[in-house]
Each structure stands twice: as C-alpha cells, then as structure tokens.
Amino acid sequence: MSNLINYELYKQFHNCLPIVCVDIVLKTADREFLMLKRREHPAKNKWWFVGGRVFKNESLECAARRKVREEIGLNVENLEKIIGGHEIFFKEDPFGHGNGTHAIVSCFSSEIENIVNLKMDNFSSDHKLFRFYKNNWHPYLIKCLHKSGFSAKI
C-alpha cells in the first residue's frame with residue numbers, strides 16, 4: 001500500500017488539520033516496555049512509543065502493525081487497543097510552519113518476542129527497554145503505560 005503524499009501537500013495538511021495516528025506500547029515477557037528516542041519534532045529528543053500517521057483506507061490496527069515493521073523491523077501478533085481518540089497538542093511541528101502539531105491518537109499494546117533483531121528507521125536515534133515510566137514524561141505516555149500495567153518507580 002503506497003499512500004505517501006507529496007511532502008508539500010502533507011506540510012499544508014499538517015498546518016491546517018489534526019493528524020490521525022497510532023502508537024504501540026511494546027511489552028516484553030520480562031515486564032519491560034520499549035521506547036524510541038525521537039529525532040524529529042514533535043517530541044524531538046524525547047522517549048516515545050513506536051507509532052505514527054494512519055493512511056487513508058488503512059485500519060488503525062493495520063497502521064499499528066505497519067508502524068512496528070517500518071520503525072523497528074519487527075512484526076506483532078496480538079494487538080489490544082487501550083486508548084482511542086486521545087488528542088495531543090504539541091507546540092512544535094516537524095515542518096517549521098509554526099502552527100504546532102495536533103494529533104488524534106489511538107494507542108495499542110502488544111508483546112514483542114525479541115528485540116535482538118530490532119532495526120530502527122531514521123526517525124529515531126536510540127531505543128531502550130524500561131521497567132518503569134518517569135513521572136516527568138508526557139501525560140499521554142503515562143496514561144498508556146498505566147493502562148498497559150506499568151507504573152512509575154517509587
């Protein structure tokens with residue numbers, strides 16, 4: 001499925017419209033979760049989930065599976081939707097239009113077997129497994145992780 005649109009057209013959409021996205025909490029059998037450090041705005045240099053834009057005529061579940069394949073080169077079997085229709089507003093945007101980023105996100109949870117074969121794409125600079133989330137992370141991340149059974153370190 002090739003639903004890539006012209007860069008300039010997407011920049012205009014991003015400036016004027018909310019973007020529909022999916023994120024995925026990827027859990028290990030050892031009760032850890034995977035986070036990627038973002039290279040681009042929004043949330044540049046922050047730990048974030050695997051995820052991104054949903055294409056036209058693509059289901060949320062298919063988008064979640066695609067994003068895991070594209071961003072880390074792995075496949076997921078079972079997906080569980082844990083949050084739907086959550087709005088996130090960032091002051092930053094990846095295009096420099098100055099109008100921020102408005103995303104409407106559904107978050108899924110899935111187990112991953114082995115991150116040894118993980119192959120990050122160019123949109124992330126690092127990856128790390130965590131057992132606990134940090135209280136200073138974005139409230140959306142905390143909400144998704146909490147719903148996935150994780151907590152902050154006490």
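Student: Leaving aside its neighbours within four places in sequence, which residues is Phe-33 in contact with?

Tutor: Contact means heavy atoms within 4.5 Å. With neighbours within four places in sequence left aside, Phe-33 is in contact with Val-25, Leu-26, Lys-27, Lys-128, Leu-129, Phe-130, Arg-131, Phe-132, Tyr-133, Trp-137, Leu-145 and Phe-150.

Student: At what pLDDT do side-chain atom pairs count in this predicted model?

Tutor: Residues are numbered from 1 along each chain as its sequence is written, and side-chain values use heavy atoms, with hydrogens and water left out. The model is predicted: totals for chains, interfaces and linings use all residues, local features need pLDDT of at least 70, and side-chain atom pairs count only at pLDDT 80 or more.

Student: Which residues of the largest nonpolar core touch the most other members?

Tutor: A nonpolar core is a set of buried Ala, Val, Leu, Ile, Met, Phe, Trp, Tyr and Cys residues joined through side-chain atoms within 4.5 Å. Buried here means under 20% relative accessible area, whereas exposed means over 50% and partly exposed lies in between (1.4 Å probe, protein chains only). Among the 28 residues of the largest such core, those touching the most other members are Val-25, Phe-33, Phe-49, Trp-137 and Tyr-140.

Student: Which element gives the most to this core?

Tutor: Helices (H or I, at least four residues) and strands (E, at least two) are DSSP runs, numbered from the N terminus. At least two core residues each come from strand 1 (19-27), strand 2 (33-38), strand 3 (47-48), strand 5 (80-90), strand 6 (101-111) and helix 3 (139-147). With 5 residues, the element that gives the most is helix 3.

Student: How many residues does the second, separate core hold?

Tutor: Val-22, Ile-24, Leu-36 and Phe-108 are included in this second core. Its residue count is 17.

Student: Is Leu-34 buried or exposed?

Tutor: Leu-34 is found in strand 2. Apart from neighbours within four places in sequence, its contacts are Leu-26, Ile-72, Ile-112, Leu-118, His-127, Lys-128 and Leu-129. Because its relative accessibility is 1%, Leu-34 counts as buried.

Student: Which cysteine has the sulfur closest to that of Cys-21?

Tutor: Cys-21 is buried, with a relative accessible area of 13%. Its sulfur lies 12 Å from the closest cysteine sulfur, too far for a bond, and that sulfur is in Cys-107.

Student: What accessible area do the residues of the nonpolar surface patch have together?

Tutor: Patches are made of residues with over 30% relative accessible area and no salt bridge, like charges being joined within 9 Å and nonpolar side chains (Val, Leu, Ile, Met, Phe, Trp, Tyr) within 5 Å. One member, Leu-9, is found in helix 1 (residues 7-16) and is partly exposed, with a relative accessible area of 34%. By the Shrake-Rupley method with a 1.4 Å probe, only the protein chains shown count as cover for residues. Ile-5, Leu-9, Phe-13 and Leu-17 form the patch, and their accessible area together is about 310 Å².

Student: With which residue does Glu-58 form a salt bridge?

Tutor: Side chains of opposite charge can pair when their charged atoms come close. A salt bridge is a side-chain nitrogen of Lys or Arg within 4 Å of a carboxyl oxygen of Asp or Glu, and the structure holds 5. Glu-58 counts as buried at 9% relative accessibility. Its closest N and O atoms are 2.7 Å apart in the salt bridge with Arg-66.

Student: What N to O distance has the salt bridge of Glu-70 and Arg-66?

Tutor: Both residues lie in helix 2 (residues 60-72), 4 residues apart, about one turn of the helix. Glu-70 counts as partly exposed at 39% relative accessibility, whereas Arg-66 is buried at 9%. The N to O distance of their salt bridge is 3.1 Å.

Student: Which residues do salt bridges with shared partners join into one network?

Tutor: Lys-67 and Glu-71 form a salt bridge, their closest N and O atoms being 3.5 Å apart. They are separated by about one helical turn because they are 4 residues apart in helix 2. Lys-67 is buried, with a relative accessible area of 11%, and Glu-71 is buried with 8%. Through shared partners, the salt bridges join into one network Glu-58, Arg-66, Lys-67, Glu-70 and Glu-71.

Notes:
A disulfide is a pair of cysteine sulfur atoms within 2.5 Å.
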